[in-house]
Every structure is written in structure tokens, then in C-alpha cells.
Amino acid sequence: MTRTDPDLGEVAASIVRLDDAAQVAARERRATRPEDRGRLDDLAVWLSGAQGVTPRALERVVMVLVAGPALAPAEGLAGGLGVDVRPLPVAAGDSAGALMAGMAFVELLVDSGTDLLVVADADRAAEVPASALVGLLTRKDASAVTSRGATIDDAAWMRRCAAIRDTMRRARPVLGDHVALLDAMGSPDLAATTGVLLRAAARRTPVVLDGPVTTACALVAQRIAFRAVDWWVAGHRSPEPAHDIALARLGLQPLLDLGIREEDGTGALLAVPLLRAASALSR
């Protein structure tokens with residue numbers, strides 16, 4: 001059966017940089033104030049560029065949680081922060097279909113008036129392939145991207161490292177084909193998350209990235225469309241080594257560093273009040 005791939009070249013061509021004039025205006029407003037609010041001012045400039053105006057209120061924030069229903073703690077936190085949780089369950093299948101499903105999901109959200117997306121991939125089965133992706137795309141050894149978790153012993157770490165190494169070896173021959181690379185990871189969730197990130201950038205919608213799995217997908221999306229990273233901000237830094245390596249390659253400085261290991265959206269959700277504060281203080 002012939003594989004039908006999304007036109008990733010067309011998607012990449014549709015992604016533009018942030019609005020430079022709006023960012024210049026935001027910096028000029030910043031220069032007229034005596035207060036120095038540090039990264040809040042930087043976030044206000046970023047939001048201005050994303051929205052093309054003086055930052056407006058982030059009224060509709062949606063968390064896209066890939067791989068099933070939201071975990072209870074994150075869902076409760078999201079409700080308290082006024083964030084709508086939209087699970088994106090991914091059916092088993094090829095990566096091309098999952099990519100297109102992720103992109104189509106974002107189309108619906110943006111068309112309904114979403115101002116900001118929070119993206120997390122809660123599938124624990126995606127942790128090994130995500131680490132392999134980071135290793136491949138940053139030219140790191142499997143040992144450098146393998147997590148010890150909170151309680152993992154040496155034997156378990158060695159088994160995980162071997163699994164990541166084998167995944168990297170299997171995928172290395174198809175590094176030049178983005179869809180085939182995602183296929184080689186054996187996780188449609190990674191492809192769906194990559195599609196979410198690409199389409200959000202194409203629809204000029206800012207995104208808060210969560211943990212190492214989401215950030216591994218951001219590395220793939222950046223390879224497809226180098227301008228896409230302009231539309232993302234890192235919500236937090238996980239203790240997982242692959243996360244730090246991926247953030248460094250993307251050039252993203254996380255807003256929070258709370259030692260949160262679980263990728264259920266918690267770390268990224270906690271960054272939402274900072275973005276809302278940056279928007280309010282700049283108006």
C-alpha cells in the first residue's frame with residue numbers, strides 16, 4: 001500500500017517569524033518604563049510578536065494532552081488555572097496519519113478562538129523513543145540521554161540505555177526522512193505531537209512546551225520548519241537529561257525549574273500564570 005504523507009514542505013513554508021514591528025514596539029514601551037521586570041518583559045515582547053499587537057489577554061488557553069485522558073492532578077490544576085484540557089487520543093497506525101491528526105486537531109482549536117496552547121505528551125511508552133530522538137538529533141550517545149528516573153537502579157538503567165541505543169540504531173538510516181524517522185520510533189504519539197507543534201506555528205498560535213517527550217517532538221518539528229521554534233516557549237525544566245539537551249539545542253530557556261519529572265502537563269501549566277502576568281503588565 002502506498003504511503004500518503006502530509007506535505008511538510010507546504011506546512012514549513014506557511015510558518016512565518018514573529019511580527020517584528022510588534023516586538024519593536026513592545027521593546028520601546030519597555031524602554032520608557034523605569035521598572036525592570038526581567039523575563040516577564042521578555043515574555044511580553046514574545047507575546048507581542050506572536051499576537052502582532054500589544055499583548056492581549058490570554059482568555060482561551062487550551063492544554064492538548066496527547067495519549068488519552070488527562071491525569072487527575074493535571075486536570076485539577078488546569079481547571080484552577082482556567083485552562084481547558086483537550087485530550088488527543090492517538091489511534092494505532094502510521095506516523096503520517098498521526099501527524100495529520102495532530103494538525104487537524106489544532107485547526108479545530110485555533111478556529112474556535114484559542115489564544116495559547118499548552119502541549120504535553122503523557123504516554124510513558126513514548127519516553128524511550130523520545131530519548132532516542134533527542135540522541136539522534138543532537139548527536140548524543142544513548143548513555144547521555146538515558147534517564148535514571150527517581151528510583152531506577154543500575155541494572156534497569158542499563159536495560160533502558162540498551163533500548164534507546166537500539167532505537168537510535170534502527171532509526172539512523174532514515175534521518176533524512178522526517179515521517180520515516182517518526183515511524184522508526186514506533187510511537188504514533190510522537191508524530192501526533194509533532195503535528196500539533198507544526199500546525200500551531202503555522203496558525204500563529206503560541207505554545208508552551210511541557211516535558212522531554214514534547215520537547216523531543218519539537219526537535220523534529222524544528223528540523224521540518226526552522227522558524228517554528230519562534231512560536232514556542234519552554235514551560236519548565238525536567239530533571240530528565242534528554243530534556244535539558246533538547247532545550248539547549250532548541251535555544252529555549254525554561255521559565256520554571258521545579259524538579260517536575262512527570263509529563264502530565266503540570267510543569268507547562270504552571271507557566272501559564274507567568275504568561276498572563278506578562279500580558280497584563282505590558283498593557
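User: Accessible areas come from the Shrake-Rupley method with a 1.4 Å probe. What share of the accessible surface of the chain belongs to carbon and sulfur atoms?
Analyst: The model is a predicted one. Its chain has an accessible surface of about 11900 Å². The part that belongs to carbon and sulfur atoms is 53%.

User: How does the radius of gyration of the chain stand against the globule rule, and what is its value?
Analyst: The chain is made up of 14 helices and five strands. For 283 residues the globule rule gives 19 Å, and the chain comes close to that, so it is as compact as a globular protein of that length. The radius of gyration is 18 Å.

User: Which residue forms a salt bridge with Arg-56, and is that partner buried or exposed?
Analyst: Arg-56 lies in the loop between helix 3 and strand 1, and its partner in the loop between helix 5 and strand 3, so the pair ties together parts 59 residues apart in sequence. The N to O distance is 4.0 Å.

User: Where in the chain does Arg-237 lie?
Analyst: Arg-237 meets Asp-257 in a salt bridge of 3.3 Å, N to O. Asp-257 lies in the loop between helix 12 and helix 13, so the pair ties together parts 20 residues apart in sequence. Arg-237 itself lies in the loop between strand 5 and helix 12.

User: Which residues do salt bridges with shared partners join into one network?
Analyst: The structure holds 13 salt bridges. Those that share partners join Glu-107, Asp-111, Arg-199 and Arg-203.

Methods. Residues numbered from 1 in each chain as written. Predicted model: local features only at pLDDT ≥ 70, side-chain atom pairs only at ≥ 80, totals over all residues. Heavy atoms only, no water. Helix = DSSP H or I, 4+ residues; strand = E, 2+ residues; numbered from the N terminus. Rg over C-alpha atoms; globule rule 2.2 N^0.38 Å. Salt bridge = Lys/Arg side-chain N within 4 Å of Asp/Glu carboxyl O.
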